[in-house]
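Please give me a short briefing on the fold shown below.

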Amino acid sequence: MPLLLLDRPTLTVQRVGPAAWPDGVLVVRAAQAATGIPATTPEALVERTLRRQHEALGVWHAEAWSARGGSRVVGHALCETVAPDDPAWSLVEDRVVRRALRGGRLVALGGLAVAPGWTGRGIAASLVRARLDHLSRRDLVACAAVWDTSAGSLALAHTHGRPVGRHPDRPLGLFVYDR
């Protein structure tokens, strides 16, 4: 009887260079089309994602590989410096946030997107953990502004961080990851 091998994809999460960024833009665009978050045009989303990638401290991809399907990027995330005068974070009165903001050590986890058909497999959590590990090794404090309508992102934020405030103009919860 022949041996049947299941072709389960192997997931890798790593920081990637500029040559790989366009693949991440495709994931962000597909995720936005599937969820409607954030509410914007596809063109504006692509332009904003490309600008954020160029300004980011780092860009991470989750890549799935299988013998049958080859390799493809299924997740995207980035880290961005938070300016001391940021309109949302400068209003937060949390001691950890204030100290990190004053010291230039507050870094936003952003651009988190998982390709449709790949959600619910731990990809977003892997991208969050990879960035938290990267930042903690550099003595930086992670934070995130999370859409109220994104149940998965809110669950991750509560798992890895704690709420410290609300965005003044948008339906976003503010979280710090200092556990």
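Leu11 has Ala64 in E2 as its bridge partner. Strands E1 (10–16) and E2 (58–66) are joined by seven bridges and run antiparallel. Two strands count as paired if DSSP finds at least two bridges between them. Helices (H or I, at least four residues) and strands (E, at least two) are DSSP runs, numbered from the N terminus.

The model is predicted: local features need pLDDT of at least 70, side-chain atom pairs count only at pLDDT 80 or more, and totals for chains, interfaces and linings use all residues. Residues are numbered from 1 along each chain as its sequence is written, and side-chain values use heavy atoms, with hydrogens and water left out.

**Strands E2 and E3**
- E2 is mostly covered, with seven of its nine residues buried. Buried means under 20% relative accessible area, exposed means over 50%, and partly exposed lies in between (1.4 Å probe, protein chains only).
- Nine bridges pair E2 with E3 in the antiparallel sense.
- Ala62 has Gly75 in E3 as its bridge partner.
- Three residues form the hairpin link from E2 to E3.

**Helix H1**
- H1 covers residues 21–35, and its 15 residues should span 21 Å at 1.5 Å a residue; the end C-alpha atoms are 21 Å apart, which agrees. The expected span is 1.5 Å times one less than the number of residues.
- Trp21, Gly24, Val25, Val27, Val28, Ala31 and Gln32 are buried in H1.
- These residues lie on the same side of H1, because they cover an arc of only 160° around the axis. The arc is that of the directions from the helix axis to the C-beta atoms.
- Ala33 and Ala34 are exposed on the other side of H1.
- The cover over the buried residues of H1 includes E1, H2, E2, E3 and E4.

**Strand E5 and its partners**
- E5 (residues 141–147) is mostly covered: five of its seven residues are buried.
- E4 and E5 run parallel and are joined by three bridges.
- Leu106 stands opposite Val141 in E5.
- E4, H4 (residues 123–136) and E5 form a right-handed β-α-β unit. Right-handed means that, with the strands pointing away from the viewer, the path from the first strand over the helix to the second runs clockwise.
- E5 also pairs with E7 (residues 172–177), in the antiparallel sense, over six bridges.
- Tyr177 in E7 is the bridge partner of Ala142.

**Helix H5**
- Leu156, Ala157 and His160 are buried in H5 (residues 151–160).
- They sit on the same side of H5, because their arc around the axis is only 100°.
- Ala151 and Thr159 are exposed on the other side of H5.
- The buried residues of H5 pack against E4, H4, E5, E6 and E7.

**Nonpolar cores**
- The largest nonpolar core has 31 residues, and Val74, Leu109, Trp118, Ile123 and Tyr177 have the most contacts inside it. Such a core is a set of buried Ala, Val, Leu, Ile, Met, Phe, Trp, Tyr and Cys residues joined through side-chain atoms within 4.5 Å.
- H4 gives this core its largest share, seven residues.
- A second, separate core of 15 residues includes Ala88, Ala100, Leu101 and Ala108.
- Leaving aside neighbours within four places in sequence, Tyr177 is in contact (heavy atoms within 4.5 Å) with residues including Leu109, Leu132, Cys143 and Gly161.
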